[in-house]
Amino acid sequence: MPPEQQAALRKRLEVALRTNTYNSTTGEVVIDPARAEAFESLSAYYADVFSNGRPEYAIPRGSLVDPAKAREMSAFF
């Protein structure tokens with residue numbers, strides 16, 4: 001990718017990460033659709049890692065099988 005495109009994407013990411021999306025009227029945080037999609041993808045990945053195990057990470061199969069707990073752990077990460 002050319003340096004100009006890299007710089008544009010870097011700036012776009014910086015703005016997205018630094019923008020306060022808290023709505024004080026509703027008490028909610030609004031999540032950009034791209035970030036929500038990334039969260040869902042990572043949540044599925046971590047659920048798979050901790051339920052099926054990963055010898056390269058020294059995580060045995062069945063370390064975490066409760067879907068609700070797996071989602072909470074993903075939110076923490």
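Okay, let's start with a definition: buried means under 20% relative accessible area, exposed means over 50%, and partly exposed is in between, using a 1.4 Å probe and protein chains only. By that scale Tyr45 is partly exposed, at 31% relative accessible area, and we'll come back to Tyr45.

Quick caveats. This is a predicted model, so local features need pLDDT of at least 70 and side-chain atom pairs count only at pLDDT 80 or more, while totals for chains, interfaces and linings use all residues. Residues are numbered from 1 along each chain as its sequence is written, and side-chain values use heavy atoms, with hydrogens and water left out.

Now, helix H2. Helices here are DSSP runs of H or I with at least four residues, numbered from the N terminus. H2 takes in residues 33–52, 20 residues, and its first and last C-alpha are 28 Å apart, close to the 28 Å expected at 1.5 Å a residue. The expected span is 1.5 Å times one less than the number of residues. At the start of H2, a side-chain oxygen of Asp32 comes to within 2.8 Å of the backbone nitrogen of Ala34. After the helix comes Gly53, with a positive phi near 80 degrees.

Which residues of H2 are buried? Ser43, Val49 and Phe50. They sit on the same side of H2, because they cover an arc of only 130 degrees around the axis; the arc is taken over directions from the helix axis to the C-beta atoms. On the other side, Pro33, Glu37 and Ser41 are exposed.

What do the buried residues of H2 pack against? Helix H3, residues 67–76. In H3 the buried ones are Ala70, Met73 and Ser74. Seen down the axis, they fall within an arc of 100 degrees, so they line one face of H3. Turned away from that side are the exposed residues Glu72, Ala75 and Phe76. At the start of H3, a side-chain oxygen of Asp66 gets to within 2.9 Å of the backbone nitrogen of Ala68.

Let's look at Ser74. Ser74 is buried, with a relative accessible area of 6%. Beyond neighbours within four places in sequence, Ser74 is in contact with Phe39, Leu42, Ser43 and Tyr46, where contact means heavy atoms within 4.5 Å.

On to the core. The largest nonpolar core has six residues: Val49, Phe50, Ile59, Leu64, Ala70 and Met73. A nonpolar core is a set of buried Ala, Val, Leu, Ile, Met, Phe, Trp, Tyr and Cys residues joined through side-chain atoms within 4.5 Å. Not counting residues up to four places away, Ile59 touches Val49, Phe50, Gly53 and Arg54.

Last, the aromatics. Rings of Phe, Tyr and Trp (its six-membered ring) pair if their centres lie within 6.5 Å; planes under 30 degrees apart are stacked, over 60 edge-to-face, the rest tilted. The structure holds three such pairs. Tyr45 and Tyr46 are edge-to-face, 5.4 Å centre to centre with 65 degrees between the planes. Tyr46 and Phe77 are edge-to-face too, at 4.8 Å and 70 degrees. Tyr46 lies in H2 and Phe77 in the segment after H3, so that pair ties together parts 31 residues apart in sequence.

Terms used: Helix = DSSP H or I, 4+ residues; strand = E, 2+ residues; numbered from the N terminus. Polar contact = N/O pair within 3.5 Å; in protein donor to acceptor, adjacent residues only side chain to side chain.
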